[in-house]
Amino acid sequence: MIMKLNEIPIDIQETLKDLGVSKLYPPQLEALPHALNGENIVLSIPTAAGKSLIAYLAIVHRLRSGGGKALYVVPLRALAREKYEDLKNFEKLGFKIGISTGDLDESDPRISKYDIIVCTSEKADSLLRHGINWLDKIRVLVIDEIHLIHDPSRGPTLEVIISRFKALNPKTQIIALSATIKNAVELADWLDGKLVKSDWRPVKLKEGVFFKNQIKFNDGSVKKIKGDAKKSLELLVEESLINGGQTLIFVNNRRSTVSLANKLSDIIGSKLTDKEKKGLKKVLSYIEHERVENVSIVQTLSSCIEKGVAFHNAGLSNIQRRAVEQGFKDRFIKCLVATPTLAAGVNIPARRVIIRDLWRYDANFGMVPIPILEYKQQAGRAGRPKYDKEGEAITIAKNSNQRDQIFYNYLLADTEPIYSKLGNQSALRMHLLSAIATNFVNDIEGIHRFINGTFYSYQSDTYAMEGEIDTALKFLLENEFIEQIDNGYISTLFGTRTSSLYINPLSAVQLKNALGKSYSKELTTLSFLHAICSTPDIRSLYLRSADSWVEEKAEHLHGTLLLDLPNNSSQEYEWFLSDLKTAFLIEDWIEEIPYDRIVSKYNIWPGDIHNIAEKAEWLLHATREFARMYNFSSVSEINNLIVRVHNGCKHELLNLISLRGIGRVRARALYNEGFKTVNDLRGVPLERIARIRAIGKAIATSIKNQIGEENKGNKELGEF
Ligand SMILES: Nc1ncnc2c1ncn2[C@@H]1O[C@H](COP(=O)(O)OP(=O)(O)OP(=O)(O)O)[C@@H](O)[C@H]1O
Ligand SMILES: [Mg+2]
């Protein structure tokens, strides 16, 4: 039994040193004997307590004694990257480390060569659906942030992965990493594992409430901060900066991230050293090339970053978010204002976290208080071992009464228990179909066995559960995803394809019906775009009062849309208009309307355009598969549309876009100068190409290199 670091094999010790580990923390010492013994474990220990390290060591230990693979499942791509970079340190011990977060409709043979694979939960689910042949080689399954089982959109997938592994591969060791939750014992019992619970945190995290120039902390201490009491946030940020600390502020909406970052940039900008200003220039250079498009948000972000402040939310592009995260990690960005997407698991140097909003908007209930678990996750970003000796998480009260309330409701409160969300029909249909389509189950007993292995079954009453299963099966039978033969079920071709395409069965039915109408309609690009935007897999845009243009345009679309138009006094009509608005957005994107115009017309963010385009491409891909399957003639139109949505341009640019570094803006500039294909660029002097708007010398050189006409100075440049 290992109790000290020096009892671990020397080469592993060396690797741990590279990770900054010179001794093991008490919860790690408590958990390790069980983890190394091959037991299933649930670690319900505080933020920053080093849960990942226990998983890393268990993996290394187990794979060394007997080979095999490990799967490390995380909820977010950003977290996948962080864990992947940590695990890369173990390559020198002979392990091959891979990461897979991308395309869901492939079995990804590339990743089969890795020993340790980091992936998102959706990717893990998709791998199971494609019947990967190395499934039985997986000896350790790590589920990070397992408390997300509670999340309605991601939770069901998470528990289904675990249940299927438990059934298919009972010898797989399951290591579940959780925030401290009230019913962790239930999770451990469900997983048949050892529960390691602790309150210990390596870096002291003081939680406090600020009111009238005083932070009152949960350890009884009080800190006074002088200054204008009405400007609490500014005072907190400034005081932290003067003491050499960085601040992370969580707010409940995207717009606030920008307005607050702008507001704070004057305070911070004036206090930066020359070295810091130089570092910030480097951060700016990461997003510089995004200026090709997407101008105003890059300008706002850039002017904040110049002053040592940044904002972070899901509306930014991936590149922008990564630049901001890295700039904060490198300690150049002193203050970051973010939405709670940044609260899960990441390690960042925030000595002080300010949780500005303890309320957030909920579409069904209006403003609701955030759960304690979410508060604790946000607070837990402060004081991370790699970066700070102490952390502070602070909320701001308007009066002493509110301060006491916050203390009672959050600081001193226990986190809530978590509950399965698999009982939701939409989730149940999707996962039952996948289980039948992959032959994991093929009769009602098998289905019950499968569901009995889930956390849902562990928590819910059998009678209600059986009713839900029956309803879901009925839906699958009626819509011909599955068939009943003898006493069992098999999936139809439609069912199998829907499962492997990784789309909601309801979307599949809608797309199939839409295709069925394609013969009787006058087809346009919008016909298909509207059909995919009507599925539950794309979240449609809100309809605002200023959007009456959508309805006006709708009146001219009769005869072209593939779905029946609802009566215009019904609720469905509102939804129809929302879907149509979303379809118009994609149409604008492929008609090369500039980012800024799309952003203001639809009241969205650049990141939303990407997300919607990515989803749209995916659903068009599914539509094309169904068109092929049922011999519809629209395959080539859909093909065309897929490439256009991928690149955001008209068909005529597709040839030029095949060049690296050439996106829709540069391709359009070349095209307008008469260079309509890659061939047209042959023999043209480099200087001539470099003079074209948005091209310049570096890109022109890269083009020349790619067509084999110039060999020097090939500098790869990307275009957004
Ligand atoms: N024994 C140790 N000595 C020094 N540093 C450690 C040790 N164990 C872990 N760390 C470091 O502590 C940091 C936090 O670890 P980790 O991300 O695993 O926390 P966590 O428990 O998963 O927190 P969260 O709940 O916020 O996800 C990491 O930077 C990690 O490298
Ligand atoms: Mg973690």
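Lys 51 has a polar side-chain atom 2.8 Å from an oxygen atom of ligand 1. This distance, like every other value here, is computed from a predicted model. The protein covers 93% of the 640 Å² of accessible area that ligand 1 has on its own.

**Around ligand 1**

- The shell around ligand 1 holds 22 residues, and those that come nearest are Lys 23, Ala 48, Lys 51, Ser 52 and Arg 384.
- By type, the shell divides into eight nonpolar, seven polar and seven charged residues.
- Helix α3 (residues 51–64) supplies the largest share of this shell, with three residues.
- The side chain of Asn 347 places an N or O atom 2.9 Å from an oxygen atom of ligand 1.
- The side chain of Arg 381 also has an N or O atom 2.9 Å from an oxygen atom of ligand 1.

- Asn 347 is in the loop between β13 (335–338) and β14 (352–355).
- Is Asn 347 buried or exposed? Its relative accessibility is 18%, so Asn 347 counts as buried; the cut-off for buried is under 20%.
- The side chain of Asn 347 makes a polar contact of 2.7 Å with the side chain of Glu 82.
- A polar contact of 2.7 Å also joins the side chains of Asn 347 and Arg 384.
- Leaving out residues up to four places away in sequence, Asn 347 touches Glu 82, Lys 83, Lys 329, Arg 384 and Tyr 387.

**The nonpolar cores**

- In soluble globular proteins, nonpolar side chains tend to be buried together.
- The largest nonpolar core of this model has 109 residues, and Tyr 72, Leu 248, Ile 249 and Ile 305 have the most contacts inside it.
- Helix α3 gives the most to this core, with nine residues.
- A second, separate core has 79 residues, among them Ala 514, Leu 526, Ala 583 and Val 645.

- Leu 248 is found in strand β11 (residues 247–250).
- The relative accessible area of Leu 248 is 0%, so this residue is buried.
- Setting aside neighbours within four places in sequence, the contacts of Leu 248 include Phe 328, Leu 336, Ala 338, Leu 342 and Arg 381.
- Leu 248 and Ala 310 are 62 residues apart in sequence, while their C-alpha atoms are 9.8 Å apart in space.

**Helix α21**

- Why is helix α21 (residues 525–533) largely enclosed by the rest of the structure? Helix α21 is largely enclosed because eight of its nine residues are buried.
- The buried residues of α21 are Leu 526, Ser 527, Phe 528, Leu 529, His 530, Ala 531, Ile 532 and Cys 533.
- The cover over these buried residues includes α20 (505–516), α23 (571–590), α25 (606–629) and α26.

**Asn 647, in helix α26**

- Asn 647 lies in helix α26, which spans residues 635–647.
- The side chain of Asn 647 reaches the backbone oxygen of Val 643 at 2.9 Å.
- Apart from neighbours within four places in sequence, Asn 647 is in contact with Trp 589, Leu 654, Ile 657 and Arg 664.

**Lys 704, a buried charged residue**

- Lys 704 lies in helix α30 (residues 696–706).
- Lys 704 has 3% relative accessibility and therefore counts as buried.
- The side chains of Lys 704 and Glu 709 are joined by a polar contact of 2.6 Å.
- Lys 704 and Pro 685 are 19 residues apart along the chain, and 9.2 Å separates their C-alpha atoms.

**Positive phi angles**

- Most residues other than glycine have a negative phi.
- Lys 212 is not a glycine, yet its phi is positive, at about 50°.
- Lys 212 is placed in the loop between β8 (204–211) and β9 (214–217).
- With a relative accessible area of 64%, Lys 212 is exposed.
- Glu 480 likewise has a positive phi, near 60°.
- The loop that holds Glu 480 lies between α18 (462–478) and β18 (482–485).

Key:
Residues numbered from 1 in each chain as written. Chains lettered and ligands numbered in written order. Predicted model: local features only at pLDDT ≥ 70, side-chain atom pairs only at ≥ 80, totals over all residues. Heavy atoms only, no water. Near = heavy atom within 4 Å. Polar contact = N/O pair within 3.5 Å; in protein donor to acceptor, adjacent residues only side chain to side chain. Areas by Shrake-Rupley, 256 points an atom, 1.4 Å probe, with all protein chains shown as cover. Helix = DSSP H or I, 4+ residues; strand = E, 2+ residues; numbered from the N terminus. Nonpolar A, V, L, I, M, F, W, Y, C, P; charged D, E, K, R; others polar. Core = buried A, V, L, I, M, F, W, Y, C linked by side-chain atoms within 4.5 Å. Buried < 20%, exposed > 50% of the residue type's maximum accessible area, 1.4 Å probe, protein only. Contact = heavy atoms within 4.5 Å.
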